[in-house]
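Here's a quick tour of one model, a few spots at a time. Keep the structure open while you read.

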Amino acid sequence: MKLDDSYFMQKALNEAEKAFEMDEVPVGALIVIDQKIIARAHNLTERLNDVTAHAEMQAITSAANFLGGKYLKGCTLYVTLEPCVMCVGALYWSQLERIVFAASDPKRGFLSKNLSPHPKTSVTQGVLAEEASSLLVRFFQKKR
């Protein structure tokens, strides 16, 4: 059975829900290779007191440890929010095959800054965007 982008993005949304429950900005990520999830992560910036502890950064570290190397060739990142400039820089160096994200981030996302990931990395956007956006809106409404 071939699992599709919606299936994996739903798993990333499950990670975002964990972040929401921890009072972290609800962003979840996972990294997949050959239809197998090798890393799951969510934002931990508050818990770790670390501005670099974004879901993508946590997932990159976990996947690299799993694979035993710094390059993530053949891997796909699923993330519920468009990666920021910091994260897309790390994603560039990791040489992922694909980035799939749900909700766009017109203020801080890498596309709004006219940046691109590694030349060999393809980008798919908008997978389960409404669900991811809704979770973010609920989180920030709760903060107000």
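## Leu 128 and its contacts

Leu 128 sits in the loop between S5 and H5 (helices are DSSP runs of H or I with at least four residues, strands are runs of E with at least two, numbered from the N terminus). Skip its neighbours within four places in sequence, and Leu 128 is in contact with Ser 6, Met 9, Gln 10, Leu 13 and Ala 102 (contact means heavy atoms within 4.5 Å). The C-alpha atoms of Leu 128 and Val 85 are separated by 22 Å, with the two residues 43 apart along the chain.

## About the model

This is a predicted model, where local features need pLDDT of at least 70 and side-chain atom pairs count only at pLDDT 80 or more, while totals for chains, interfaces and linings use all residues. Residues are numbered from 1 along each chain as its sequence is written, and side-chain values use heavy atoms, leaving out hydrogens and water.

## Helix H1

Which residues of H1 are buried? Asp 5, Phe 8, Met 9, Ala 12, Leu 13, Glu 15, Ala 16, Ala 19 and Phe 20 are (buried is under 20% relative accessible area, exposed over 50%, partly exposed in between, with a 1.4 Å probe and protein chains only). Looking down the axis of H1, these buried residues fall within an arc of 160°, so they line one face of the helix (the arc is taken from the directions from the helix axis to the C-beta atoms).

The buried residues of H1 pack against strands S1, S2, S3, S4 and S5 and helix H5. Just after H1, Asp 23 has a positive phi of about 65°.
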